[in-house]
Amino acid sequence: MGDFLQVFADNVHDWFPPLLRAAEVTLELAVLSIAVGLVLGLLVALLKVSRLPILRPAAVVYIEAIRGTPALTQIYLVYFGLAGIGLVMDNITAAVVALGMNTAAYMAEIYRAGIESVHKGQRDAALSIGMTPLQTMRFIVLPQAWRVVLPPAANLGVAILKDTSLASAIATPELMSRAYDLVGQTWRPMHIYLLAALIYMMMCLPLIRLVRYLERGARRGEAEAPGGRGLRRRLAEAWAAGARHGEPGAVAK
Amino acid sequence: MSGFLEFWRILLARLPEFLPYLLRGAVVTVEITVATLLFACLFGLVLALLKRARVPLLGSLASVYIELVRAVPVLTTLFIIYFGLAYLGIQLPSFVAAVLGLGMLGGAYMAEIVRAGIDSVHRGQREAALSIGMTPAQAMRFVVLPQAARVVVPPTANYAIGLLKDTAIVSTVAAPELLFAAKTLVSQTILPMQIYLLTALIYLALSLPLAHLANAMELRLRRGD
Amino acid sequence: MAPMVSVVDLHKRYGDHEVLKGVSLDVAAGEKVAIIGPSGAGKSTLLRCINYLERPQQGHVYLDGELVGERCRNGSFQPMSERELARIRAEIGMVFQRFNLFPHLTALENVAIGPYRVLGRPKAEAERLALALLEKVGLGAKAHAFPEKLSGGQQQRVAIARALAMRPKVMLFDEATSALDPELIGEVLQVMRQLAAEGMTMLIVTHEMQFAEDVADRVIFMDDGMIVEAGEPHIMFRAPLQERTRSFLRTVLER
């Protein structure tokens, strides 16, 4: 045990900086993927709740296909698969595309749950004063939906941050990749992967705290919102919609 | 256009050669999923009970573990167990490392699921059980846990579906499951798009029915609300 | 003859808030005691201390001469083991405001589970006993119904049968009709009347003043954690001595 810790003490100052720099890439990947996912996800969600003929089923197929397959498979498809049919991209772009599309599918369901959480009567009232469906969505539904959307979206953000580690499989220069290289140089897998775990914790734990805070805020708003008791169920549905790897909604506990 | 047709021609032509190979990997995927599910349920139950233990130290240890393991990617946990333990002298076969690596996180999820299930049972139930002379253990066994079990099933099914997909991660430590089989096939045939597409379809074939089942279960239980 | 229930100087605190401030009470075998008073007076807490669902900070409870929740060893009091506490609790029947029927069991199973799992009777015998009790409270036909299919009044009657299945020495009723719709209260009070006529020792926390006057041998008025006044029903309800009793009754009977 003493030797183990001694190795840490001797080498931490060599190992930590490169890992931290790689963690920056992790964060960049996550932010880009989430940005893509937020925008694309909204589009897909709106298509899914619409009645448009070809686009609605396309949205449904998109969501089911992505939610039903592993993220790593999607990364391989985008990087290797597309290259195989002539569409070559570098590993950072591939990671963002794959994770972005992945996020979009989950966000679409979260958005949908949020949209559906807004009481039907609201829409009727908006339409009856002459708003178009689009205006209703923009001025009435979405502003109320975000309260239900925010906690599971934040939860999804944490999950994406962790999923950037999968990009190491295509040598994207993020944290796990760098850790793997470092292990190849130093032959100290236990120390280095533990260090990597520590850095992930440093990034994720504050975010998880944020998620809990948001969830509590959403619950408090439930008391004031109309249709109170149903809102709790809608919140739970939104959680389930965004749930990845079967995460129980209890991140917030 | 001809390229598009050529793509599908190749896929269909070599399907009888690819499919059995991939399906063998899919069997291992299912095996890993089931093994991890069992491990996670057991581990999760232990963690949940530890959290309620009279000894505060055990409870805090369990809580801290659950917090921390969820803040780390599965890949990292897996590498710590596979490569890290090997460094310390414990060389695990990749199947075992896979189950442990996935189960470390799974146990934390299951612990939360079990806890939520027990909490969902109204306090008055336990009091009524005690008031007809049951011991706390009897109350847990005959009144609380049976009711908690109903609440626990949907999130567990949900977890199982996520787990099935997560097994793909263990391809990175050469566990012979579906994605690893796919990677091997790609390196031999240089037909990545066809093979990964097929692989994705197989995952869908496994996960979609499970998802429908889980949905149906949840709806049936929701009606009892 | 020793009292069936004896409560000696009970004190119960939740954090800073003292709920019972020295309550003492004796209930003779076969006696029916009604406990009335404003909410927050400590009436429910008193009942829950008697079957040790709540642990008092100070004071003792005796059932038929036996200490509840504690043992006396060489002059000092120590907590009772869970097993012994369970055994004594079986001799005290409690009926809750919110019924607390077990939703995953039928009415029959709710009543039978005590004799079957706690007393260790064979299942068939336990179910026979349960059916007889359900018929006694008028619900024989609903034996195989689940609680969610029963009305509030029916559920409470099943709850009473469940408590009776353990052959208790005393029955505690914690606002048994407060959560019921008005038209369902009567059927529950009817069962309670029948029990009273059969000689059961009963402690009844209630807001049903007429019922209390009809059935009780003694009425106790509690306020702010203490027994303010006690006496025979017709005196308590018509000519109470204490001003606090008078003003409480005024507000309650005016409804």
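Me: Which chains have the most contacts among the 2 pairs of chains that touch?
Reply: Chains A and B do; contact means heavy atoms within 4.5 Å. This is a predicted model, where local features need pLDDT of at least 70 and side-chain atom pairs count only at pLDDT 80 or more, while totals for chains, interfaces and linings use all residues. Residues are numbered from 1 along each chain as its sequence is written, chains are lettered from A in the order in which they are written, and side-chain values use heavy atoms, without hydrogens and water.

Me: How do you know that chain A and chain C do not touch?
Reply: Their nearest C-alpha atoms are 20 Å apart, and the two chains have no contact.

Me: What makes R212(A) and E67(B) a salt bridge?
Reply: The term requires a side-chain nitrogen of Lys or Arg within 4 Å of a carboxyl oxygen of Asp or Glu. In R212(A) and E67(B) the closest N and O atoms are 2.6 Å apart, so the pair qualifies. The count between chain A and chain B is 2 salt bridges.

Me: Which helix gives the most to the side of chain A that touches chain B?
Reply: α8(A), with 14 residues; a helix here is a DSSP run of H or I with at least four residues, numbered from the N terminus. α8 spans 189-224.

Me: What is the area buried between chain A and chain B?
Reply: About 4000 Å², with carbon and sulfur atoms giving 72%. Buried area is the accessible area (1.4 Å probe) that two parts lose on being put together, summed over both.

Notes: Helix = DSSP H or I, 4+ residues; strand = E, 2+ residues; numbered from the N terminus.
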